[in-house]
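Please read these points with the model open beside you. They go from accessibility to fold, then to helix packing and charge pairs.

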Amino acid sequence: QMKTAPLALALLFLGLASCGGKKGAPVLLTASLAEGPFTESVSESGTLEAVQASDVSPPDISRNFTLVQVVDEGAMVDAGQKIATFDTADAERDLQNMRDKILDKKDEIENLFARQRDELTDASNSIQAARDALEMEKINQRSLEFSSDVDKRAGEIRMRSRSDDVGKAERRLATLRLEHARQVRQKQAELRRLEEDRRDKEKEI
């Protein structure tokens, strides 16, 4: 603490010396003083102990990070104050890559839906074409009522063929729907795994 002496000190020191006078003659040394600051200090010894202390441990994460900054041991900190900083650049790049993969997977699923819609449309059109051909053959069969047996047998063969075509087209549509459902489940499961990995990586940072 700095203080100012309002009055000059009357005496700095008193010393005795001999310099060229009679042996044993006392010499009084004096000095002029002016008003000015002086420093007053107090020294104590002992051990400082914290009123409340807490052990700090790193979070439970699955990868190692480089510690780039940490508060000094024994430092006083406030609630919520950051006490350590880790280098998370690699983890942040991995997280961004994971987010990009999720976007790619969502685009892949959308493209899958579009392709499936086209396939179902083609399959439905094939069914309709097969049914139209069957109806046409039914009309032709009525015109064979007075035809020869050979023509009638040929007509019966065509009739069975047209009926088989309808059945094949309908079975193809049913198979496509089952396959499409399997493909969607697979892609959605892949997307869920990616999103779970993303959440795990977000917890690391």
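1. Accessibility terms come before the rest. Buried means under 20% relative accessible area, exposed over 50%, and partly exposed in between, with a 1.4 Å probe and protein chains only. Glu-202, at 33% relative accessibility, is therefore partly exposed. Of the 205 residues of the protein, 16% count as buried.

2. A word on the basis. This is a predicted model, in which local features need pLDDT of at least 70, side-chain atom pairs count only at pLDDT 80 or more, and totals for chains, interfaces and linings use all residues. Residues are numbered from 1 along each chain as its sequence is written, and side-chain values use heavy atoms, with hydrogens and water left out.

3. Overall fold. The protein has two helices and four strands. Helices (H or I, at least four residues) and strands (E, at least two) are DSSP runs, numbered from the N terminus. The order from the N terminus is β-β-β-β-α-α.

4. Helix packing. H1 and H2 pack at an angle of about 170°, and their axes are 9 Å apart. H1 is therefore roughly antiparallel to H2. The contact of H1 with H2 holds 20 nonpolar, nine polar and 25 charged residues. Axes are lines fitted to C-alpha atoms, for helices over the stretch in contact, and angles run from 0 to 180 degrees between N-to-C directions. Angles under 35 degrees count as roughly parallel, over 145 as roughly antiparallel, 65 to 115 as roughly perpendicular and the rest as oblique. For the contact classes, Ala, Val, Leu, Ile, Met, Phe, Trp, Tyr, Cys and Pro are nonpolar, Asp, Glu, Lys and Arg are charged, and the others, Gly among them, are polar.

5. Asn-140. This residue lies in helix H1. Asn-140 counts as partly exposed, at 31% relative accessibility. Its C-alpha atom is 9.4 Å from that of Met-159, 19 residues apart along the chain.

6. Salt bridges. How many does a search of the whole structure find? The search finds eleven. A salt bridge is a side-chain nitrogen of Lys or Arg within 4 Å of a carboxyl oxygen of Asp or Glu.

7. The pair in H1. Glu-135 and Lys-138 meet in a salt bridge, at 3.5 Å from N to O. Both lie in helix H1 (residues 89–142), three residues apart, about one turn of the helix. Glu-135 is partly exposed at 43% relative accessible area, and Lys-138 is partly exposed at 32%.

8. Glu-202 and Arg-198 are four residues apart in helix H2, about one turn. Arg-198 is partly exposed, at 23% relative accessibility. Salt bridges with shared partners join Lys-105, Glu-108, Lys-187 and Glu-190 into one network.

9. Strand E3. Val-70 lies in strand E3 (residues 66–70). Val-70 counts as partly exposed, at 47% relative accessibility.
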